[in-house]
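Welcome! Take a look at the structure below, and then let us walk through it together.

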Amino acid sequence: MHEILVIFKKDVRRLWWQIGAMLAMSAVVGCLDAGRAAAQPGVAEGLLNMVLPLVWACLVAQAIHGEPLVGDREFWMTRPYRWGRLLAAKALFAALFVHVPSLVTDAAILAAHGYNPLHALPPLLVKQLLLAGGLTLPAMALAAVVSNLTQFVVGVPVLFATLAVGTAFRRSYPPIYVFQQPTVAVLGVAVLAVAAVAIVWLQYRRRRTRLSRILAVAAAAGVALTIVLFSQPVTFPMSMARVPAASTHLTMMLLPPDPRTVHGPYSRRVYIELPYTVSGISESDRGWLTAVSMEIVGANGVRYVYDPPRDDFEVGLMMTVNRFTRLSVAMPSAAYERIKDGRVTISGKAGFVLYRLGRKLRLPAGATRDVTGRMRCSCAYDEGRYDYGYLDVFCDSPYREGLLADIRVEEKSKNWLWPGYRASGTNGSPTPLLAWLSPLERRQQSYRVTVPRDWTLSEILEELLVTIVPQYVVGRAIANFKAVDIDLREYSK
Amino acid sequence: MSSPLRTEQLGKTFPQVEALRGLTVEVPEGAVFALVGPNGAGKTTAIKTFLNLHRPTCGRVEVLGVDSRSLGAPQLAQIGYVSENQKLPGWMKVGYFLAYCKEFYPNWRDDDLAELLRLYELPLDRKLNQLSRGMRVKAALAASLAYRPKLIVLDEPFGGLDVLVREQLIESILERTPEATVFLASHDLSEIESFASHIAYLNEGRLEFAEETAALSARFREIQVTLDAPAELPASLPEEWLNPEASGVVVGFTHSRYDERSQAEIRSRFPAAREIAARVMTLRSIVLALEKSAKSGQGAR
């Protein structure tokens, strides 16, 4: 332990001002997040969310480079360092100057938002695990196979570019967004973490730089492959595995076409809108369509398979039963042309997450309510810059699934439901506009409010009824469906 | 333990370069063993392989009784290594550097360090990267001698230093660690001549010889034969006669196996010899003769 502390103290002495800058940056991120009551962060917070992980990575790399593992001229290599203790000193540094500040900042943010951090410990610890697997360990591994910070900083984008190239084969949207898919991200992080541990072990135990570098490249390719290959068919069962199986047996049937929903082709894709109905879900429950696997067989024997789908946006996902009950299938125009002339058979299976509705809660304007013990919501009027304002309903939760709720605004007298737009602020996408480091999942729905001539603002706010119905996941179920003798042209334009 | 450092058919190959070829050497305990040879002969590679900075391609090295590939903290705590191209942590002040090193050595002696600091006149409050090359070597030496290592490995440590500093450092090594074995690689023969007890000569990765300095000096002589009349060199000469040259009535060569019978043998080869002079050679001239011989393809024996 003595040797570990000696090396650790030496690293702190060398990097004291970088540590200070990082802690100041963490504090600023914490303050901005703690004071935010909106789904989207400001530009400063968004940028700091981008920069802080890079600062952490560079700090870890600099600590590793206190005793560089590459080369044969380093002073320490002929001194009686024990590799295990040297590695432990570096791990201690990363833990104390990446994970502890992150955890403390998260706890402070939660406390500022009215949550007891101890009650939210599981998601906080899971985040630290992901941070270790996705950032600290890869940073340690990369630093262990390069000889200085410049090479390290060059290596980070190279690693990212490798991932981007790998994912570009599959995604039509920027590859950075792939991390919005939590299960794939967790898989990718797991691959990265295992490879990073192997590299770190190899370098500290044996200093096998060439082999470690090969492993690093293989790991980057492995993560890209994970993201490309392990898409919905694998991640759906894995995601669903977290939800207990429901005893409910669902039956899903495709319905006749609804001309109101059919629209024309876009970007060399033809949209086939398939209305459906699901039975077997009890009155008190709702179903949330989460994944679809589908096959369309033409009269001429041509098959079109959606397993795995080529793009997550090709099948309309996240649609609630009884509200938007249709599958929106974006089919490449070429495939559609081959199959459209003749009757087809459509078959497949759909995965549902079933949830139960909680007690309805009324939320007056200007109030904040603890909705489920795991979610807090507030309602506020924002005047805006024009002749209308917005009624913002804002909810946050330390848990991703804690935000499941049906939020509605209606006029009491007319019993008329207002349309709102949703500004999500969930974590997971490292863009300047999203606070992916935040320990809070956020959701915001805004409703445009124009005050009529004979009304006052308080009167109109009094007239509006904001209700929140929390939803609790109760299980999962898979429904098979099959429809024969279908004319695809009736379901598309 | 009779030999703190021994190698057996040690080979090290880099892509397209065979740096060491079958190096077999045994350094006696307490010796000051100098590995000499021209630049690029493989001296630094040999030392880095001894210290597990490089892995041998073939053969093996045993350092303090342990295979070099298994060299760990217990052995490194008994080895002092100073190299001309070693990267020191330049951000550290000398005082902190020495205090930091101390934590790794159970045998660290503060009184020895105080003596070394006084001798070397090291500025404790200066950063290592602000020191002159000589001062940096002194700092590295102080950090390598204060724990009285059993084996001191020096790789061209004194290159570029002035004679006075060099003498001071050599003296300090020998005085501070009288029981240590010193292994020194150098291409500067004048710096080792005065104190090396053993000499090994490495050329293009191959060990040409390794023996005690006294024995080496005893067997090498610069021979000058003066003849009655100009004559050409005989067609075949003994292989231990290096770099033979004839100039008028004078024939000269380096005898690499000179003993009491050599005069008679020379006279038998040159019956018309009027005078045979055998001069004692310096280490520098011996090595120069060997290098010249090696270049001419005659070999260095």
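## Chain B at a glance

How many helices and strands does chain B have? In this predicted model, chain B has 10 helices and 14 strands.

Chain B runs to 301 residues, and 42% of them count as buried. Now take the contacts in chain B between residues at least 6 apart in sequence: 71% of these join residues at least 24 apart.

## Where chain B touches chain A

Next, let us turn to the two chains together. On one side, 20 residues of chain B are in contact with 14 residues of chain A. Three elements of chain B each give two or more residues to this side: α2 (73-76), β6 (79-83) and α3 (94-102). By type, the residues that chain B brings here divide into 14 nonpolar, three polar and three charged.

## Two helices of chain A

In chain A, have a look at helix α2 (residues 16-34) and helix α4 (residues 83-112), which pack at an angle of about 20 degrees with their axes 9 Å apart. Because angles under 35 degrees count as roughly parallel, α2(A) is roughly parallel to α4(A). The crossing of α2(A) past α4(A) is right-handed.

Which residues meet here? From α2(A) come Ile19(A), Met22(A), Leu23(A), Ser26(A), Val29(A), Gly30(A), Asp33(A) and Ala34(A). Their partners in α4(A) are Phe97(A), Pro101(A), Thr105(A), Ala108(A), Ile109(A) and Ala112(A). The residues of this contact divide into 10 nonpolar, three polar and one charged.

Conventions: Residues are numbered from 1 along each chain as its sequence is written. Chains are lettered from A and ligands numbered from 1 in the order in which they are written. This is a predicted model: local features need pLDDT of at least 70, side-chain atom pairs count only at pLDDT 80 or more; totals for chains, interfaces and linings use all residues. Helices (H or I, at least four residues) and strands (E, at least two) are DSSP runs, numbered from the N terminus. A residue is buried if 20 or more other C-beta atoms lie within 10 Å of its own, exposed if 12 or fewer, and partly exposed in between; C-beta atoms are placed from the backbone. Two residues are in contact if their C-beta atoms, placed from the backbone, lie within 7 Å. Ala, Val, Leu, Ile, Met, Phe, Trp, Tyr, Cys and Pro count as nonpolar, Asp, Glu, Lys and Arg as charged, and the others, Gly among them, as polar. Axes are lines fitted to C-alpha atoms, for helices over the stretch in contact, and angles run from 0 to 180 degrees between N-to-C directions. Angles under 35 degrees count as roughly parallel, over 145 as roughly antiparallel, 65 to 115 as roughly perpendicular and the rest as oblique. A crossing is left-handed if the near helix is turned anticlockwise from the far one by less than a right angle, and right-handed if clockwise.
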